[in-house]
Each structure stands twice: as structure tokens, then as C-alpha cells.
Amino acid sequence: MIRYNLHTHSFYCGHGSGKISEYCGRAEEEGFGVLGFSEHCPFPDGRLSASRMPYSSMRVYEEDVRGQKRPFRILLGYEVDYFSEMRAFYEETAARVDYLIGGTHFIRRADGTLTSVFEPGLSSDDLRIYADSTVKAMETGLFSFYAHPDVFLSAREFDAEAKAVSSAILDAAADLDIPLEINGNGLIQGRGYPSRGFWEIAAEKGVPALLSTDAHSVRNLDASFEGISAFARELGIEVLYPEDGLPLSFRTERGRRMSPHPRSQDGEM
Ligand SMILES: [Zn+2]
Ligand SMILES: [Zn+2]
């Protein structure tokens, strides 16, 4: 099967390094079939600006990726933090690029404050909000896959509550045909995800996974690949590969296909 990575950052995000052309060069050396760029999507109102490029840089980033010519498939995307009130902005962005990845990096509490999912001591309420907002984001049909669905376990033990959150996310993903990602950046940084507890439930449910290195440096474009492949293999999780064409769809070696779609409107919130 082809080598691919669809979750790739660069110097554009402000906390990563490496030019787009350097990532493409590395991918060419490594014999990739598909390389997708997915910078953290900035917002017109500047929210969360500490972890992403300025809004005004979007076009430059997009032109940079579009300008790369290589003997493999290069895709342009964004990794998006979903807020329901920004729906029109996401749709407008999606129309211009090849794909969007969903990723929940912040929990919006009832008082409107945003808390990073990497904060230790997430409460039961925080976990409920994480699960709800992640499932709601997946239901929109905006996302080709969901990044590090188990990131909420980066600073938290895998207890009964965590188990319930994991099951809810895995069930929704299976229902909506949205691939979930085993994340290589978490693996090499020893951050608590990919979480064995989470992915053991995935294996029980027969949910396949996409492998992403979530590279923030050229060196890490493929540094974690063996590790996440071994993780999937050990747990008996089938690996998804991107198919040709857009919107993105995926298939496992054994022919299980995933083609993400929105939740149908009948009776659903
Ligand atoms: Zn990042
Ligand atoms: Zn992320």
C-alpha cells in the first residue's frame, strides 16, 4: 500500500519548522504516494492566534502548497478547531482547499472560556464537553477525518469516564464513516496518546484507523511512522489508506471503505 501522511504542519503555524518545499523533498525521498498539508486553521477574529498562523497568511500558505510540483499527490488542507458559530467560514475555506481535518484542542466551558485539552485535571464536565463538541463537529460532514480523538487522555488516566467518552466518539465515527487518527506526534513526545485504552475499544468495535505523523518538523514527517504502524498492528486495528479523488475517502487493505458524510437531518440536533 502507498506511503502517505495527511496531517502535516510546517513553519507557517508558528510552533513548527520546515518549509513546504522541504517536506515535499523529504516525502519524495521516502517514496510517498500522497502528502497532505494541514496547518492549524486561523480565524478571521484572531481567536487562538497563539497556536496558528495569522489569518492574513492563509493565502500565502495555500499558494505555497498549490505551487509544489512533485511526482506524487500533494493535497492542501487545514486542521480545524470547530466552533458552531464559524460554520460559514469553514464552508468557505473547505470550498477552496482539498480537505479539512477536525481536531479538538480546546474545551469551551459554559462560561465561554477556552481550556486546552492538554491541561491536567480536566473535570467530568470538561470530558462531557469534549465528547459532545467532538461528535457535533464530526456530524457536520465538514471533516475528512478526525485527528487525535484520544488527545483528552494526554494528562488523564483511563478511567470509567474516559472509557465512556472513548466509546461515544468511536461509535459516532463508525456511524458517520469518519476515520479517526492514530497520532505519531503524541507517540514520539510520550504525551499519553495514542492511548492504549482508547484504541483497545476501537479494536473491539472493529473501527479502523488512519495513521498520521502530525509532523511539526521535516525530520518528524516519517520518524513516528514505524511506531504508529506497530501500535495499530499490535492492537489488531486495520489501517486506512486514502483513495484517489476528492472529497477524500479511505479504504483498508481488506476493503473496508470509509467515506465521511454528515449526520442526516431527520430528528438530529
Ligand atoms: Zn501544531
Ligand atoms: Zn492537533
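In which sense, parallel or antiparallel, do strands S8 and S9 pair, and over how many bridges? In this predicted model, S8 and S9 (residues 209–212) pair in the parallel sense, and the pairing runs over four bridges. Within this pair, Ile182 stands opposite Leu211 in S9.

**The protein as a whole**

The secondary structure of the protein comes to eight helices and 12 strands. Taken along the principal axes, its C-alpha atoms fill a box of roughly 45 × 45 × 40 Å. The radius of gyration is 17 Å, which agrees with the value near 18 Å that a compact globule of 269 residues would have. Of these 269 residues, 43% count as buried, and among the contacts with a separation of 6 or more, 71% are accounted for by residues 24 or more positions apart.

The largest nonpolar core has 73 residues, of which Met138, Phe143, Ala173 and Ala209 touch the most other members. The largest share of this core, seven residues, comes from helix H4.

Helix H5 (residues 160–176) has 17 residues, and from its first C-alpha to its last it reaches 24 Å, close to the 24 Å expected at 1.5 Å a residue. Its buried residues are Val165, Ser166, Ile169, Leu170, Ala172, Ala173 and Leu176. Because they cover an arc of only 160° around the axis, they are on the same side of H5. An α-helix has 3.6 residues a turn, so residues three or four places apart point the same way. The buried residues of H5 pack against helix H4 (124–139), strand S7 (145–146), strand S8 (180–183) and helix H7 (196–205). One of the buried residues of H5 is Ala173, and, when residues up to four places away in sequence are not counted, Ala173 touches Met138, Tyr146, Ile178, Leu180 and Val207.

In helix H8 (residues 225–235), Phe225, Ile228 and Ala232 are buried. Seen down the axis of H8, these buried residues fall within an arc of 75°, so they line one face of the helix. On the other side of H8, Glu226, Ala230, Arg233 and Glu234 are exposed. What covers the buried residues of H8 includes S8, helix H6 (184–189), S9 and strand S10 (239–242).

|---|---|---|
| H5 | Asp177 | positive, near 60° |
| H8 | Gly236 | positive, near 75° |

**A residue at the outside**

Is Glu157, which has 9 other C-beta atoms within 10 Å, buried or exposed? A residue counts as exposed if 12 or fewer other C-beta atoms lie within 10 Å of its own, and Glu157 is therefore exposed, with 9 of them. Glu157 is found in the loop between S7 and H5. Between Glu157 and Asn5 there are 152 residues of separation in sequence, and their C-alpha atoms are 29 Å apart in space.

How values were computed:
Residues numbered from 1 in each chain as written. Chains lettered and ligands numbered in written order. Predicted model: local features only at pLDDT ≥ 70, side-chain atom pairs only at ≥ 80, totals over all residues. Helix = DSSP H or I, 4+ residues; strand = E, 2+ residues; numbered from the N terminus. Expected span 1.5 Å × (residues − 1). Buried ≥ 20, exposed ≤ 12 C-beta atoms within 10 Å, placed from the backbone. Arc of directions from axis to C-beta. Contact = placed C-beta atoms within 7 Å. Pairing = 2+ DSSP bridges. Rg over C-alpha atoms; globule rule 2.2 N^0.38 Å. Core = buried A, V, L, I, M, F, W, Y, C linked by C-beta atoms within 7 Å.
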